[in-house]
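Me: Can you walk me through this one? I'm new to reading structures.
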Amino acid sequence: MSDTPAQPTAGDAFAEAKEMEISQELATDEIPETDILFECPHCGKSLSIDPRGAGLVIRCTQCHEPVTVPIPDGMELEDFDATPEELSLQLLHARQTVSKLQERLSALEAEAEQLRAFRDETMRRAADREDAMASFRKAVRRALEAQSDAQRDLQDVAAAMDVALGLPPTP
Ligand SMILES: [Zn+2]
């Protein structure tokens, strides 16, 4: 179990930036008709938020409780236009993701390189082993040939002895 607190993400920074922006907008009196209108679930205060705030958590201007801005029916979060700030935050987030993926890729490449080295080493050893086996088989064959030569010689010697002793030839 780890007690490490969660690191703030680009998404958190994005939400924070949005919250500040929206809070500033809330300070103005005029309410554009595109705004999302809803009531604070804690104190009932009527709130109006720029549509880009949909789905984000803001603080109620009256009771300061955290409130999730509702997403209007039929709209997806992706439908909201991104400001340059949002885009640069998304870009930062994307870069962080790419950086993490690159680290992971480097680690995987290092691992693959080790596996390749291991495979080459294993194949080299297998080749060595094959060479050794071939030498061994050759040595065994030579030993068997020598043995049969010796047997033949022994038979010749035995036959010569039989002849010398005047015995009938061995069948
Ligand atoms: Zn409230």
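Me: What percentage of the 171 residues of the protein chain count as buried?
Reply: The figure is 5% of the 171 residues. Keep in mind that this is a predicted model.

Me: OK, how confident is the prediction, then? What is the mean pLDDT of the chain?
Reply: The mean pLDDT is 76. Of the residues, 70% reach 70 or more.

Me: Where is confidence lowest, and where is it highest?
Reply: The lowest is helix α1, residues 10-27, with a mean of 56. The highest is strand β2, residues 46-49, at 91.

Me: New topic. How many helices and strands are there?
Reply: The chain has two helices and four strands. Along the sequence, the order is α-β-β-β-β-α.

Me: Back to β2. Which way do β1 and β2 run, parallel or antiparallel?
Reply: They run antiparallel. Strand β1 covers residues 36-39, and four bridges join it to β2. F38 stands opposite L47 in β2.

Me: And what lies between those two strands?
Reply: Six residues do, and the two strands form a hairpin. In the turn, G44 has a positive phi of about 80°.

Me: Which residue has a positive phi although it is not a glycine?
Reply: H64 does, at about 65°. Most residues other than glycine have a negative phi.

Me: Where is H64 found?
Reply: In the loop between β3 (57-59) and β4 (66-68).

Me: Is H64 buried or exposed, and why?
Reply: H64 is exposed, because 11 other C-beta atoms lie within 10 Å, and a residue with 12 or fewer counts as exposed.

Terms used. Residues are numbered from 1 along each chain as its sequence is written. This is a predicted model: local features need pLDDT of at least 70, side-chain atom pairs count only at pLDDT 80 or more; totals for chains, interfaces and linings use all residues. A residue is buried if 20 or more other C-beta atoms lie within 10 Å of its own, exposed if 12 or fewer, and partly exposed in between; C-beta atoms are placed from the backbone. pLDDT is the predictor's confidence in each residue, from 0 to 100. Two strands pair if DSSP finds at least two bridges between them.
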